[in-house]
Amino acid sequence: MVDQKLIEAALAVQKQAYAPYSNFLVGAAIRDCSGKIYCGCNFENASYGLAICAERCAVGCMVASGQREIQAVVVASRGGVTPCGACRQVLAEFGKDFTVTLVDSKTSLVTAYWTMLDLLPGAFSLI
Ligand code: THU
């Protein structure tokens with residue numbers, strides 16, 4: 001099922017991205033199991049390796065609000081790219097069978113639709 005509100009949230013927060021070094025703007029929106037939405041964008045640093053991805057920014061926002069179970073994620077970017085490996089591991093900490101929908105910000109169209117398990121089978125876990 002297409003979660004249009006979550007798509008719009010990801011497209012909106014993408015506009016807040018701070019990416020003067022890569023010029024690659026990313027927005028992520030997470031819906032938790034109670035239905036609330038949390039947003040994040042990438043923010044870069046003059047020390048390049050310190051860049052924080054949009055997905056991890058959104059996860060931090062969710063956790064800081066006291067929620068720990070992801071129901072769905074939408075990531076918006078130019079071309080609708082998939083989350084990087086680090087973000088996959090961080091997302092997988094908070095659920096395995098939620099959906100990850102990718103949206104091309106140029107067209108606002110969905111480019112791909114995955115489950116978390118598809119994106120990171122065999123994720124590292126201590127528990
Ligand atoms: N980026 C994200 O925000 N999410 C990803 O999953 C991959 C990459 C950001 C990090 C950096 O600011 C820019 O995209 C280029 O790599």
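One aromatic pair is found in this predicted model, where rings of Phe, Tyr and Trp (its six-membered ring) are paired if their centres lie within 6.5 Å. Tyr-21 and Tyr-48 make up the pair, with 5.4 Å from centre to centre and 45° between the planes. That arrangement is tilted, the class left once planes under 30 degrees apart are called stacked and those over 60 edge-to-face. The pair links distant parts of the chain, 27 residues apart: Tyr-21 sits in the loop between α1 (4-14) and β1 (26-32), and Tyr-48 in the loop between β2 (37-41) and α2 (54-64). Helices (H or I, at least four residues) and strands (E, at least two) are DSSP runs, numbered from the N terminus.

Now to the ligand. Its surroundings include Ser-22, Phe-24, Asn-42, Glu-55 and Cys-84, each with a heavy atom within 4 Å. By class, this shell holds six nonpolar, two polar and two charged residues.

Polar contacts are pairs of N or O atoms within 3.5 Å. A polar side-chain atom of Asn-42 lies 2.9 Å from a ligand oxygen, while one of Glu-55 lies 2.8 Å from a ligand nitrogen. Cys-84 takes part through a backbone N or O atom, 2.9 Å from an oxygen of the ligand. Of the 370 Å² of accessible area that the ligand has on its own, the protein covers 79% (Shrake-Rupley method, 1.4 Å probe).

Residues are numbered from 1 along each chain as its sequence is written. Local features need pLDDT of at least 70, side-chain atom pairs count only at pLDDT 80 or more, totals for chains, interfaces and linings use all residues, and side-chain values use heavy atoms, without hydrogens and water.

Key: Polar contact = N/O pair within 3.5 Å; in protein donor to acceptor, adjacent residues only side chain to side chain. Nonpolar A, V, L, I, M, F, W, Y, C, P; charged D, E, K, R; others polar.
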